[in-house]
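Please keep the sequence and the model in view while reading.

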Amino acid sequence: MNITVFCASADKIEQGYFDAARSLGEGIAQRLWNLIYGGTNCGLMRIVAEATLAGGGKVTGIIPRCIAERGVASRSVTELVVVEEMKERKQLMREQADAFIALPGGWGTLEEITEVITLKQLGIHQKPIVFVNTGGFYESFWKFMEQAAEKGFVSGAYQGLYQVVRTSEEALEYIAGYEPRMVCPKYS
């Protein structure tokens with residue numbers, strides 16, 4: 001199984017986030033699953049990749065040329081795919097994924113995970129999507145989404161598009177037991 005992980009490339013963050021990324025990588029390797037990630041040697045990206053590799057797992061990094069040219073592409077992964085632009089990176093990460101996990105991150109992480117939620121909402125895929133809410137990181141985001149739903153911007157028909165968990169182990173357990181359920185596609 002290929003697990004696409006979206007997460008921070010930031011290095012100046014609290015240790016607990018690194019611990020969660022390490023735990024996720026170890027769990028992916030223990031299950032003999034493969035990691036697909038953004039291909040850098042920075043932040044949580046580096047930690048989840050290193051932990052997967054250290055556990056004997058396979059890691060595919062997919063990185064756009066503009067980022068690789070900055071010298072931050074990982075050279076220790078099983079496979080490094082350099083693409084021309086972000087759009088191609090995201091498409092390959094989605095196509096190769098059997099499941100998606102979001103660890104804490106910034107704009108890129110949020111953009112990537114919300115895109116796969118939107119595509120699931122549109123009925124384009126039925127893959128599991130999981131947020132690991134390390135230390136309550138995503139709590140403000142959920143409050144924003146609750147407000148959007150209360151004001152009518154997000155339909156209650158799309159509940160269940162993703163799962164929110166506290167730990168990496170819970171995320172992997174959710175994926176292992178995942179059974180797709182039919183979501184009423186938007187605009188049908």
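Which residues in α1 meet which residues in α2? Y17, F18, A21, R22, L24, G25, E26, I28 and A29 in α1 meet G43, L44, I47, V48, A51 and T52 in α2, where contact means heavy atoms within 4.5 Å and helices (H or I, at least four residues) are DSSP runs numbered from the N terminus. By class, the residues of this contact divide into 10 nonpolar, three polar and two charged; Ala, Val, Leu, Ile, Met, Phe, Trp, Tyr, Cys and Pro count as nonpolar, Asp, Glu, Lys and Arg as charged, and the others, Gly among them, as polar.

The model is predicted, with local features needing pLDDT of at least 70 and side-chain atom pairs counting only at pLDDT 80 or more, while totals for chains, interfaces and linings use all residues. Residues are numbered from 1 along each chain as its sequence is written, and side-chain values use heavy atoms, with hydrogens and water left out.

The table sets out the axes of the helix pairs, which are lines fitted to C-alpha atoms over the stretch in contact, with angles running from 0 to 180 degrees between N-to-C directions.

| Helix pair | Axes come within | Crossing angle |
|---|---|---|
| α1 (residues 15-30) and α2 (residues 43-54) | 7 Å | roughly 35 degrees |
| α4 (residues 86-96) and α5 (residues 107-121) | 11 Å | roughly 55 degrees |

That angle makes α4 oblique to α5, since angles under 35 degrees count as roughly parallel, over 145 as roughly antiparallel, 65 to 115 as roughly perpendicular and the rest as oblique. The crossing of α4 and α5 is right-handed, meaning that the near helix is turned clockwise from the far one by less than a right angle, and the crossing of α1 and α2 is right-handed.

In α4, R89, K90 and R94 meet E111, E112, E115, V116 and L119 of α5, a contact with two nonpolar, no polar and six charged residues.

Helix α5 also gives four residues, the largest share, to the lining of the second largest pocket. By class, that lining has seven nonpolar, six polar and two charged residues.

Notes: Helix = DSSP H or I, 4+ residues; strand = E, 2+ residues; numbered from the N terminus.
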